[in-house]
Amino acid sequence: MVQCSKLGSCDTSNIIRTASCFCFDFDSTVITSEGIDDLAKQAGKYDTIKELTNKAMSGNMSFREALTKRLGIIQPTQQMVNNLARNPPKVTTGFPELLHKLWSRNVDVHIISGGFDNVILPVTDLLKIPSDHVHANHLIFNEDGTYKGFDKTRFTSESKGKSRCVDYVKRTFKHDVMVMVGDGMTDSEAKPPADIFVGFGGNVRRSAVEKVADLYVDSFDTLINILKSADNLNE
């Protein structure tokens with residue numbers, strides 16, 4: 001049995017064990033990189049964009065402001081998105097195992113991301129996560145494939161959007177106990193309505209996130225072990 005002292009409070013562990021839904025951030029959580037940084041590399045703007053990304057994820061700039069500035073600099077194209085679809089980013093070690101562990105317990109899994117579904121869906125399709133369980137921003141292109149803008153009606157196109165999105169998932173899919181997992185301050189804003197926020201530092205460690213998380217983990221193995229401990233109790 002896994003001891004609560006090694007995993008955070010017993011209340012936190014019990015919520016993880018009994019949650020009917022887990023919501024995961026995508027960039028630097030499900031995958032090892034930031035999708036917008038991957039686009040920036042193709043545009044030769046990586047260093048400039050990385051600084052803005054860190055400000056956004058650390059809560060030092062409104063998300064809508066950071067998103068608008070970054071896309072304005074990158075000017076992503078349809079071809080860039082196609083390139084990422086052909087060469088998808090690396091999935092974080094342990095996530096597929098955690099995903100299947102949750103599904104084996106009949107736990108619903110959703111992706112709630114400030115990234116772009118144009119880039120996310122090729123990965124979530126491989127992971128067999130239903131497209132209606134992916135909630136993200138959307139890039140809009142002109143007919144010639146040049147950048148036109150992004151869909152400003154999406155929940156995650158502005159600050160506090162993840163909180164509204166979790167509330168939408170909770171109401172639409174009729175969930176009671178929910179867990180939000182992610183690496184950034186925008187993910188911590190999803191609690192409430194999420195019951196707990198699990199900070200993830202396996203790819204990028206952010207001290208501000210660690211301070212506000214109910215549980216902070218560097219590996220998905222920690223969550224897998226909490227779930228396994230519940231299975232052991234039920235045997």
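Tutor: We'll go from the overall build to single residues; keep in mind that this is a predicted model.

Student: Okay. How many helices and strands does the protein chain have?

Tutor: The secondary structure comes to twelve helices and eight strands. The radius of gyration is 17 Å, close to the 18 Å that the globule rule gives for 235 residues, so the chain is as compact as a globular protein of that length.

Student: And what does the C-alpha trace span?

Tutor: About 60 × 35 × 30 Å along the principal axes.

Student: What share of the residues counts as buried?

Tutor: Of the 235 residues, 52%. The accessible surface comes to about 10,500 Å². Carbon and sulfur atoms hold 48% of that surface.

Student: What about contacts along the chain? How many join residues at least 24 apart?

Tutor: Take contacts between residues at least 6 apart in sequence: 62% of them join residues at least 24 apart.

Student: New topic, rings. How many aromatic pairs are there?

Tutor: The structure holds six. One of them is phenylalanine 24 with phenylalanine 220, an edge-to-face pair. Their centres are 6.2 Å apart, with 80° between the planes.

Student: Where do those two sit in the chain?

Tutor: Phenylalanine 24 is in strand 1, residues 21–24. Phenylalanine 220 is in the loop between strand 8 (215–217) and helix 12 (221–234). That puts them 196 residues apart, so to speak a link between distant parts of the chain.

Student: Are they buried or exposed?

Tutor: Phenylalanine 24 and phenylalanine 220 are both buried. They also belong to one aromatic cluster, together with Phe22, Phe95 and Phe200.

Student: Which lysines lie over the face of a ring?

Tutor: Lysine 41 lies over the face of tyrosine 46, at 5.1 Å from the ring centre. Lysine 152 lies over the face of phenylalanine 150, at 4.4 Å from the ring centre.

Student: Switching to cysteines. How many disulfides does a search find?

Tutor: Zero, across the whole structure. For cysteine 23, the nearest cysteine sulfur is that of cysteine 21, 3.9 Å away. For cysteine 165, the nearest is that of cysteine 23, at 7.3 Å.

Student: Why does 3.9 Å not make a disulfide for cysteine 23?

Tutor: The two sulfur atoms would have to be within 2.5 Å to count, so cysteine 23 is in no disulfide.

Student: Are cysteine 23 and cysteine 165 buried or exposed?

Tutor: Cysteine 23 is buried, with a relative accessible area of 1%. Cysteine 165 is buried as well, at 0%.

Student: Now helix 8. Which of its residues are buried?

Tutor: Helix 8 runs over residues 117–127, and its buried residues are Asp117, Asn118, Val119, Ile120, Val123, Thr124 and Leu127.

Student: What covers them?

Tutor: The cover includes helix 2 (26–30), helix 6 (78–86) and helix 7 (95–104). It also includes strand 2 (108–116), strand 3 (134–137) and strand 4 (139–141).

Student: And what follows helix 8?

Tutor: Lysine 128, with a positive phi near 65°.

Student: Last one. Where is proline 193?

Tutor: Proline 193 is in the loop between helix 10 (185–188) and strand 7 (196–200). Its relative accessible area is 17%, and buried means under 20%, so proline 193 counts as buried.

Student: What does proline 193 touch?

Tutor: Leaving out residues up to four places away in sequence, proline 193 touches Ser163, Val166, Asp167 and Lys170.

Definitions and conventions: Residues are numbered from 1 along each chain as its sequence is written. This is a predicted model: local features need pLDDT of at least 70, side-chain atom pairs count only at pLDDT 80 or more; totals for chains, interfaces and linings use all residues. Side-chain values use heavy atoms; hydrogens and water are left out. Rings of Phe, Tyr and Trp (its six-membered ring) pair if their centres lie within 6.5 Å; planes under 30 degrees apart count as stacked, over 60 as edge-to-face and the rest as tilted. Helices (H or I, at least four residues) and strands (E, at least two) are DSSP runs, numbered from the N terminus. Buried means under 20% relative accessible area, exposed over 50%, partly exposed in between (1.4 Å probe, protein chains only). A charge sits over a ring if NZ of Lys or CZ of Arg is within 6 Å of the ring centre and within 35 degrees of the ring normal. The radius of gyration is taken over C-alpha atoms; the globule rule is 2.2 Å times the number of residues to the power 0.38. Contact means heavy atoms within 4.5 Å. Accessible areas come from the Shrake-Rupley method with a 1.4 Å probe; for residues, only the protein chains shown count as cover.
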